[in-house]
There are 12 protein chains.
Amino acid sequence: MKIMVLHGPNLNLLGKREPSVYGSVTLEEINQKLAELAGELGVEICCKQSNSEGELVDLLHRAAEEADAVVFNPGAFTHYSYALRDAVSAIGIPTIEVHLSNIYSREDFRKHSVIAPVASGHICGMGVTGYLLALRAAAALAGT
Amino acid sequence: MKIMVLHGPNLNLLGKREPSVYGSVTLEEINQKLAELAGELGVEICCKQSNSEGELVDLLHRAAEEADAVVFNPGAFTHYSYALRDAVSAIGIPTIEVHLSNIYSREDFRKHSVIAPVASGHICGMGVTGYLLALRAAAALAGT
Amino acid sequence: MKIMVLHGPNLNLLGKREPSVYGSVTLEEINQKLAELAGELGVEICCKQSNSEGELVDLLHRAAEEADAVVFNPGAFTHYSYALRDAVSAIGIPTIEVHLSNIYSREDFRKHSVIAPVASGHICGMGVTGYLLALRAAAALAGT
Amino acid sequence: MKIMVLHGPNLNLLGKREPSVYGSVTLEEINQKLAELAGELGVEICCKQSNSEGELVDLLHRAAEEADAVVFNPGAFTHYSYALRDAVSAIGIPTIEVHLSNIYSREDFRKHSVIAPVASGHICGMGVTGYLLALRAAAALAGT
Amino acid sequence: MKIMVLHGPNLNLLGKREPSVYGSVTLEEINQKLAELAGELGVEICCKQSNSEGELVDLLHRAAEEADAVVFNPGAFTHYSYALRDAVSAIGIPTIEVHLSNIYSREDFRKHSVIAPVASGHICGMGVTGYLLALRAAAALAGT
Amino acid sequence: MKIMVLHGPNLNLLGKREPSVYGSVTLEEINQKLAELAGELGVEICCKQSNSEGELVDLLHRAAEEADAVVFNPGAFTHYSYALRDAVSAIGIPTIEVHLSNIYSREDFRKHSVIAPVASGHICGMGVTGYLLALRAAAALAGT
Amino acid sequence: MKIMVLHGPNLNLLGKREPSVYGSVTLEEINQKLAELAGELGVEICCKQSNSEGELVDLLHRAAEEADAVVFNPGAFTHYSYALRDAVSAIGIPTIEVHLSNIYSREDFRKHSVIAPVASGHICGMGVTGYLLALRAAAALAGT
Amino acid sequence: MKIMVLHGPNLNLLGKREPSVYGSVTLEEINQKLAELAGELGVEICCKQSNSEGELVDLLHRAAEEADAVVFNPGAFTHYSYALRDAVSAIGIPTIEVHLSNIYSREDFRKHSVIAPVASGHICGMGVTGYLLALRAAAALAGT
Amino acid sequence: MKIMVLHGPNLNLLGKREPSVYGSVTLEEINQKLAELAGELGVEICCKQSNSEGELVDLLHRAAEEADAVVFNPGAFTHYSYALRDAVSAIGIPTIEVHLSNIYSREDFRKHSVIAPVASGHICGMGVTGYLLALRAAAALAGT
Amino acid sequence: MKIMVLHGPNLNLLGKREPSVYGSVTLEEINQKLAELAGELGVEICCKQSNSEGELVDLLHRAAEEADAVVFNPGAFTHYSYALRDAVSAIGIPTIEVHLSNIYSREDFRKHSVIAPVASGHICGMGVTGYLLALRAAAALAGT
Amino acid sequence: MKIMVLHGPNLNLLGKREPSVYGSVTLEEINQKLAELAGELGVEICCKQSNSEGELVDLLHRAAEEADAVVFNPGAFTHYSYALRDAVSAIGIPTIEVHLSNIYSREDFRKHSVIAPVASGHICGMGVTGYLLALRAAAALAGT
Amino acid sequence: MKIMVLHGPNLNLLGKREPSVYGSVTLEEINQKLAELAGELGVEICCKQSNSEGELVDLLHRAAEEADAVVFNPGAFTHYSYALRDAVSAIGIPTIEVHLSNIYSREDFRKHSVIAPVASGHICGMGVTGYLLALRAAAALAGT
């Protein structure tokens, strides 16, 4: 079983910028922890980060061909990228939407996700723990 | 470590009514699975269900005294009970909000949670799997 | 055939408070007239009033077990109790929503019912006559 | 006692189009059942259908002269015809607004009636049964 | 194959009033061009114009009996006539909504069509060319 | 100089219904006073009343051919008839919108006129006096 | 009979600035024409202009003591000065609101008057003619 | 003279939770200070706290029978409990709404009280001082 | 301790205009009662009334220099004067906002105060009693 | 004459994903049919698809240099890409906006196009037929 | 070249109140720096501050007579003074709107300027630097 | 000191398209003038233009590493790119948002910038002058 992990815009700066909001863990460290859990769960993961909406759409299309589920943190695209929403809906494999921070306790524009209605699951507010739970969820749903 | 699991209004009908929406698993079966995972995680859980907002507020106050974290499915109260929101905010122990269905892909009124902004984590759309993930989250956050 | 008649919050004050709005007929007198019509229609009725949302949810769950239809005046809960809405939707027996006053000609907040979308029928504005029509409707729909 | 029954736009297609929404009973059959009940209630009814807002306003003015109450299904005009609203308000005889379908569980635009605030009663969601209840209501209110 | 072409309110003034908005072509000239294209396409057309919403509803009902598709420019009724919307939805034959001007680049009220959601096709902004395209569309869809 | 006076829906009931809102003067008496003032101003007037939106559109088109200005009380059509708005805009002769009551101090829906943006003048709140002022305005503007 | 004419902010620039919007007539010329008509009507007028909301409130209070009616062009204060609205409502003498331009065909913020609901009459869109009509209206209403 | 003091949901946690928001004074200490002032004012008070909306409705109905006025801090119910609003309106004795914090300077949902429109007085933002002022207000209004 | 009492626009008409809304007590009589209570409380007060927003801003600035707290009835400025809001926020001494009437049970525009979020306290609906409570509040808060 | 055909995000999945929404025709087959029609019309077409908003902006700029008109299905970018809107407006050659599905009968977010106000024509709801009509429109408008 | 610098309400308190928001520089110091830059740019400036909307309108009218451009910080009037907006639009000389703080990152009501649409330029968020840039802008635009 | 100048989508067409809106100066000419001013100010600038949101996010991340401040005209991305907003907020160096046109006097969608709340400064409406002022601002703020 192969799970693609997609990180959206600005997440490459994790741990380097605004630690008060996004914590001090770097994206590499998150991918590292995901790899460890993947090992435990006996699944293969492939992690990608991009600041480009178009590239993330392409990656989702590739996931439909090469993977069984997706863990997807769309970053700021969460709030307006209907292109990514349509991609998640079109590829038809379980896609778990995850956010490090509690998007419902921050600015108004973050309290609405255009991805959530078509995602198989929605996890937010628990930092790295949330990513690990999302991987478990992806593995569980991909199995069914 | 003790975790209280609170089920909100109408969840006592799980498995008996509207299976197309809420699945065919009964509340007892969910509590059963939670108990099994709790055993694995080495934590103690106590499960309660109530159709009364006031009773759920009282139970949250009791959790503040007797438990280390809460897994809370507020059911329909999610969308308007500021009393439960204030209780979650006041008791100050990690509270994970969980929903069986994807509240963001159903009627408009379900797409807004007044609990989410003060919850430590927010998980929805993954049926029973979501409850199990929420228990893991509660255990993880209660530990920190 | 058994029909449960549920009266929501403050309706116990009928005939004693604000007669200009709710008329001078007491709740007991309404129940009395309903009983008379029930006799004519050959159906059995059971009337309950409660100021507690939780209690009304429990009563609706009991109706699903013990009755064939419900006549329900949710009072002020009409405008915000999604818990009662989910209960009406979940129990799956004909439920006729009735209001003494014309909720569409009073304050703005009364012009929106969260119960109406899942009720089998919606009758308002005709005082006691409305209750009697609702009982006829419940008997008719319970029969089909 | 004479009661005018007014059917609004497109109701002439009842039973011939979109049975999944409006049922398979034709308008003639509804008028037929109304006539039977009228006989039981000892009242005289006169049934009219029109696709023209202006014609329905004229008919309401005629009702003020010739009838004691009106049963009125304004069809789609329900949602925007302030001309019909002013006519109902101006003629000052009991007017019962009735709808076959539950207008509150369909498209958003149907969930608002401009007629309801000035109608003597509002009945919806119960198909033909609703028409019969409306006739009883009109007879009852015309009597007072 | 017979296609009914319906022109809504004020279109009888085409070419005589406000040429800056609606162009200098008269309604007769448009009907003339439609007849020519109909000849090419081997279909029969019948063109009607009315300033009355009720009359247009009646004409749509007649189209359901006498024609295979409709080309319909609802004019200002586009923005509020739910009666015409229900007629288009009820008659169940392909109905192509067409507008001479780009309704999305004019006043706010024109940017919302209540007909579009139930029309088989929606063409606007291309003057007479749009009418000709709508006739082709009606012929194509009526064929399937 | 010829001025057409158009009265919209329900104004035929003036003086007979709801005197508390529309005063006790009948439409005939208003037309009578207008005729007197017309004599003083040396203009010819022609008064029409209709409950039909389509008929009023036709009458406005006739005014464009036969009159120099229009005094127009659109009644309830004021608030939603974009067909009448387009007619007023299309006919291009001065059209004075007049209302007996102060539409801005009544229900919310009356506080917005779709006719006002294209009318040459807007007079409301002064009963019959308003009609007489509107006739003076029409005569003045038709002259320029 | 004495009528106070109040001109609001920026109207002192009439005829000197933005003639395309406000015409080329100066405020003095308007006052001159008003004086002439006042002579014809046998009433006394007193004209004041101020850019200060507070001063206009004071002037309205003075009018309550010294005049029988007010003609009031509140200028931009029309759209937000509830202080002037309360003054008009409090002084209880007929106050005719007048605007040179058609406030309903300009920017959105001008399409809402907070003065209109408490004014005795509302006239706009007819330039100087509107002022003269307002004076006639004030004289007529002050007389009743 | 007897005044009932009602404390809404979560106020039992006063002084124990979120002191930064609600201060460090406990509910008992507030009741203590109220009792002292009551003594000074020569009135009798009875203090109750409940997390249940239904129970508070019942208590308000009891106040109508046993007390002359009510001091009521509805807590989070302030923002959505129309049931409590109807109770306050129905019991018809002076009810002073009081809040410890300035509800207008906190989250958006707290800036709207459904109780205020039917309360005899509204006091907020002054902590315990506000409660004492509310008691004085209740005593003053109950006397009239 | 010196407390400034500021009365906003139109309050100079108290007791002379609209007694049904504002009561029959004049502003002088209110100031008189305030002076009496001030004596009891051992504080000095200075009362000012102005219809000018700018003057009230200047007076608030003076209060910052000469007084320890302010009792402020902003009248209609309550609903839109951000200049007064910024002044209250800037001067940093306790400012108690007070209204004679219950602003939450009147027109919609009165249900929103731009001053409340920055006031130290908010009292409304209790006529003169409210003013006296506000003076007590100002004295209490100025002391801390 | 050369016409560029631009397909927006996810349209590369046409025929492979969600056939119930987008039909079973692949993008290649659509391009194939367009090429055939182009031959009939004697115009040259060049078809491109991209999931990248930036790339589509670049392609529109290239069209301004190399083509006479554009047929553009912006996919999900339709609803929020003001960058593509400005590009269409800036390049100044006829651009026909086309959608396979009826965007007005699907989710709310699809009912608003930011491209439509600056497009030369707007065609939707007719599947492949719509694309062919759009090509005819482009050829017609490019010619003028 | 003469440039008028206008400071709106409460700016006289700069440096004395709320330094965390407006900085510690006083208005005099800002005027001092502006004078220095004016010298460098070879322009004459005249600086005025007022808490009165009416006075600022008068000053803008004077600027039209005596100056070539205006630098204007409308303070809180920015958000609701349409009178000042009309003055800026009427006087027709370049007016640069400037704010010390970033009005877009503070309370919602500050995120909308009624002055910006008619200002020649809009500068905010850069404290004193912004004032200096505004003076440069005024000098540049006055020159063209 | 090194300042990055970023031009958003469609700005490469400056001077070639829609001169009535964006002026006749080309992007190259703007960069040329910026270089001249940079020379005067003794700072180094690097100018980039891109139609791709993702590319601009990458460029902002590079600026955080290589530059001391950014001058950024986000073009149409201003109104919806939360990805660019998060990038500006994350990189933590002074970023001045600049627009050639007055975005507040054009279409509604341009009147809201998602970048402004996190920009260090906001300048618009002054064409090329605005760019030069923005460069001065960036140099000034980078220095502090």
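**View 1. Strand 5 of chain A and strand 5 of chain B are joined by three bridges and run antiparallel.** In chain A this strand covers residues 121-124. A:His122 stands opposite B:Cys124 of strand 5 in chain B. Strands are DSSP runs of E with at least two residues, helices are runs of H or I with at least four, and both are numbered from the N terminus. Two strands pair if DSSP finds at least two bridges between them. The model is predicted: local features need pLDDT of at least 70, side-chain atom pairs count only at pLDDT 80 or more, and totals for chains, interfaces and linings use all residues. Residues are numbered from 1 along each chain as its sequence is written, chains are lettered from A in the order in which they are written, and side-chain values use heavy atoms, without hydrogens and water.

**View 2. The interface between chain B and chain A buries about 1500 Å².** Carbon and sulfur atoms give 64% of this area. Buried area is the accessible area (1.4 Å probe) that two parts lose on being put together, summed over both. In chain B, B:Tyr104, B:His122 and B:Met126 lose the most area to chain A, together 32% of what that side buries.

**View 3. Contacts link 20 residues of chain B with 20 residues of chain A.** Contact means heavy atoms within 4.5 Å. Zero salt bridges are counted between the two chains (a side-chain nitrogen of Lys or Arg within 4 Å of a carboxyl oxygen of Asp or Glu). On the side of chain B that touches chain A, strand 5 (121-124) and helix 5 (127-143) each supply at least two residues. Helix 5 of chain B gives the most, with six residues.
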